[in-house]
Amino acid sequence: MNKYFLLLLLTAFSTTSLADTLYITLEKDNALAVVDGETGKLLKTVPLGQRPRGIELNKDQTLLYVAASDDDTIQILEVATLEIVGNLPSGEDPELFRIHPNGRLLYASNEDDNEVTVVDLHSKKAIAKISVGVEPEGIAISRDGKWVVNTSETTNMVHWIDPVTQTIKANTLVGARPRAAAFSTGGDALYVTSEIAGSLSRLNTATKQVETTMSFKIAGVGQELIQPVGILVHPNNKILFVA
């Protein structure tokens with residue numbers, strides 16, 4: 001199976017640079033699936049906490065972090081053994097999260113509390129809680145680390161967070177039910193999927209305004225059934241993958 005096709009199908013994934021291994025959270029099975037990225041073969045299934053959602057590797061790819069939403073925690077797994085070696089205080093019902101490029105701070109969206117929790121990975125303590133819109137979901141961080149953004153599904157808004165002060169500096173209205181967000185490789189643009197609107201918006205990072213919005217059309221599929229969610233920017237900055 002084509003590796004990119006696999007990525008489009010999955011809502012949470014990570015790859016190791018050496019082995020093209022995919023780590024996929026299975027929300028209904030409370031487990032982690034380990035898949036060979038070249039062949040698509042399931043290599044192993046690992047038990048996790050309740051309702052695992054967001055997932056990310058640390059910078060040196062020795063640790064894997066998984067949000068166990070119904071356990072109100074982010075679990076830490078050792079990649080070499082796939083054993084759980086710790087937990088982080090993520091706030092209530094962590095959905096998605098991202099690790100800051102500095103490798104120290106983790107930002108998690110808390111859907112039930114309408115907050116973003118900031119966790120210090122060194123001390124393993126929550127150091128800030130940022131009030132955002134209703135039903136926060138997506139988290140994205142620019143490569144230069146200057147901006148953290150959060151999407152709130154019910155408020156239909158993107159919140160621009162300053163990681164120095166841990167405060168919101170701007171808010172941008174987008175299409176109905178924004179789910180995921182991703183910065184361009186250069187950081188000059190932010191892409192946001194809106195599930196109910198069936199659209200993808202491009203925002204200017206400097207102005208925090210929507211520059212353009214496109215809708216998806218699939219032959220033979222009703223517009224109400226086209227619901228973009230996951231998004232990935234190719235490293236060449238010329239291609240976007242949208243689930």
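1. The Glu137–Arg53 pair. The side chains of Glu137 and Arg53 meet in a salt bridge, with N and O 3.4 Å apart. A salt bridge here is a side-chain nitrogen of Lys or Arg within 4 Å of a carboxyl oxygen of Asp or Glu. Side chains of opposite charge can pair when their charged atoms come close. Between domain 1 and domain 2, the count is one salt bridge. On the side of domain 1 that touches domain 2, the residues divide into five nonpolar, no polar and two charged. In this scheme Ala, Val, Leu, Ile, Met, Phe, Trp, Tyr, Cys and Pro count as nonpolar, Asp, Glu, Lys and Arg as charged, and the others, Gly among them, as polar.

2. What the model is. This is a predicted model, in which local features need pLDDT of at least 70 and side-chain atom pairs count only at pLDDT 80 or more, while totals for chains, interfaces and linings use all residues. Residues are numbered from 1 along each chain as its sequence is written, and side-chain values use heavy atoms, with hydrogens and water left out.

3. The two domains. The chain is divided into domain 1 (21–89) and domain 2 (101–242). These bounds come from an automatic or database domain assignment. The centres of the two domains, taken over C-alpha atoms, are separated by 22 Å.

4. Where the domains meet. Seven residues of domain 1 are in contact with twelve residues of domain 2; contact means heavy atoms within 4.5 Å. The size of an interface is often given as the accessible area lost when the parts come together. Here domain 1 and domain 2 bury about 680 Å² between them, and 62% of that is on carbon and sulfur atoms. Buried area is the accessible area (1.4 Å probe) that two parts lose on being put together, summed over both.

5. Arg53 again. Glu27 and Arg53 also meet through their side chains in a salt bridge (3.6 Å, N to O). This pair links distant parts of the chain: Glu27 sits in the loop between strand 1 (21–26) and strand 2 (31–36), and Arg53 in strand 4 (residues 52–57), 26 residues apart. Strands (E, at least two residues) are DSSP runs, numbered from the N terminus. Arg53 is buried, at 13%. Buried means under 20% relative accessible area, exposed over 50%, and partly exposed in between (1.4 Å probe, protein chains only).

6. Arg51 and Glu95. These side chains meet in a salt bridge of 3.2 Å, N to O. Arg51 lies in the loop between strand 3 (42–47) and strand 4, and Glu95 in strand 8 (residues 94–99), so the pair ties together parts that are 44 residues apart in sequence. Glu95 counts as buried, at 2% relative accessibility.

7. Glu153 and Arg179. The closest N and O atoms of this salt bridge are 2.9 Å apart. Glu153 lies in the loop between strand 13 (148–152) and strand 14 (157–162), and Arg179 in strand 16 (residues 178–183), so the pair ties together parts that are 26 residues apart in sequence. Both Glu153 and Arg179 are buried. Salt bridges that share partners join a set of residues into one network, including Glu27, Arg51, Arg53, Glu95, Glu137, Glu153 and Arg179. The count for the model comes to 17 salt bridges.

8. Asn110 is in strand 9 (residues 105–110), and its relative accessible area is 0%. Not counting residues up to four places away in sequence, Asn110 touches several residues, among them Asp93, Glu115 and Pro136. Thr73 is in strand 6 (residues 73–78) and is buried, at 11% relative accessibility. Leaving aside neighbours within four places in sequence, the contacts of Thr73 include Val66, Leu88 and Pro94. Thr21, in strand 1, counts as buried at 11% too. Thr21 and Asp36 are 15 residues apart in sequence and 5.1 Å apart in space, C-alpha to C-alpha.

9. Backbone angles to check. Most residues other than glycine have a negative phi. Gln166 is in the loop between strand 14 and strand 15 (167–173) and is buried at 15% relative accessibility. Phi of Arg177 is also positive, near 60°. Arg177 lies in the loop between strand 15 and strand 16 and is partly exposed, at 25%.

Terms used:
Helices (H or I, at least four residues) and strands (E, at least two) are DSSP runs, numbered from the N terminus.
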